[in-house]
Amino acid sequence: MNTPIQEWPVADCPAHRFGLAVERWRRLASRSFWITGAGTGFGKALSVALACAGAQVFITGRRREMLQECIETACSLGADSRRIISVPADITREEQVAHACRIIHDHCSTLHGLVNNAAMPQRRSHPWPLQHESLAHWEQLFRLNVTAQWLVTSKILPHMVAGGEVRVVFLSSGAGWAFTPGVGQYNIAKAALNNLGASFAHECAAAHPEVDVQINVINPGEARTEMNQGSPRSPYTLMPMMLLLLSHPRGGPNGRFFHADGRHLSFADAEVYDRRLDGNDTIVLAPPPQRSRLASLAARLLRRSA
Ligand SMILES: NC(=O)c1ccc[n+]([C@@H]2O[C@H](COP(=O)([O-])OP(=O)(O)OC[C@H]3O[C@@H](n4cnc5c(N)ncnc54)[C@H](OP(=O)(O)O)[C@@H]3O)[C@@H](O)[C@H]2O)c1
């Protein structure tokens, strides 16, 4: 599909629906989602957009005041304050994740989706962090950017499985496909997250064949957030792809990689998604999957050694 990155004035979202077809936008109103890192950046934009579409939204982060600001922004745009519920938590702490899951369970019988968005950037205290950064920073970054993503997903999964619909999106980054010097720990954690997303997708689909499982990974492109204050782009540029993934009816992609601009990406041996996602659910065959030369070589070698 073609979802060019463009600015979407959030105040007009009931009119433009971030490019979503009317049925898809309306479908969101009957859905419930949990968004981590919802007090700022992409997480806030998504929570506001979903609340404006009428969805029930559980918003998590450590700073209560940022979550409150998110609620106020959504309500100032016409969202119903009863549909956006603050669930403060540090997602690196198991007991806080368990408590958040209980709150969500008490508020809604069926949770449809989870967006694993919270993360931290690479600390810039050394130009060459893989050589000089501390073990403590490595562990802190991996605990949030990888381990906590698994923890949150695994703890809330039974709630979604019970409702028969599982929509999970992991926020990755171009870093997960890159080797940029200076941000090695972040690159590695995002590459691990890519595998976590796809592994979860395949395991969950195999374990629950009767359930509509759609677990995918997105590279959101850049945007101006607390983590990236230099970007000229608004985090609302990600909304078309996020809302498409979260509103997709049964039979949508699982274990795939997408870019905010609508491209289907590959990762390691995973091929690009072979169908088009668009607002009208049109199924269109994409060009033949393009494997990287490295991935093809690796697959050939594996076949030979098998
Ligand atoms: N912005 C970009 O250009 C860009 C590019 C590629 C990928 N991304 C990815 O996009 C996602 C969102 O980032 P962003 O750019 O929107 O950055 P951001 O504004 O810094 O958002 C990160 C959020 O995570 C929350 N958070 C941090 N630690 C947490 C914890 N232990 N428990 C719960 N929440 C926690 C923060 O809130 P509290 O501090 O209140 O907890 C904050 O709201 C991340 O996965 C990031 O890697 C961003």
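Strand 4 (residues 113-116) is covered on both faces: Gly113 and Val115 are buried on one side, Leu114 and Asn116 on the other. Here, buried means that 20 or more other C-beta atoms, placed from the backbone, lie within 10 Å of the residue's own. This is a predicted model, so local features need pLDDT of at least 70 and side-chain atom pairs count only at pLDDT 80 or more, while totals for chains, interfaces and linings use all residues. Numbering starts from 1 along each chain as its sequence is written.

**Strand pairing**
- Strands are DSSP E runs of at least two residues and helices are H or I runs of at least four, numbered from the N terminus.
- Strand 4 pairs in the parallel sense with strand 1 (residues 32-36) over three bridges; pairing takes at least two DSSP bridges.
- In that pairing, Trp34 has Leu114 as its bridge partner.
- Strand 4 also pairs with strand 5 (residues 165-171), again parallel, over four bridges, and Gly113 is partnered there by Arg167.

**Around the ligand**
- The ligand has 30 residues around it, the closest being Gly37, Gly41, Arg62, Ala119 and Thr225; a residue is near if its C-beta atom, placed from the backbone, lies within 6 Å.
- Helix 3 (residues 41-52) supplies the largest share of that shell, three residues.

**Helix 3**
- Helix 3 is mostly covered, with 12 of its 12 residues buried, including Gly41, Lys44 and Cys52.
- From first C-alpha to last, helix 3 reaches 17 Å, close to the 16 Å expected at 1.5 Å times one less than its number of residues.
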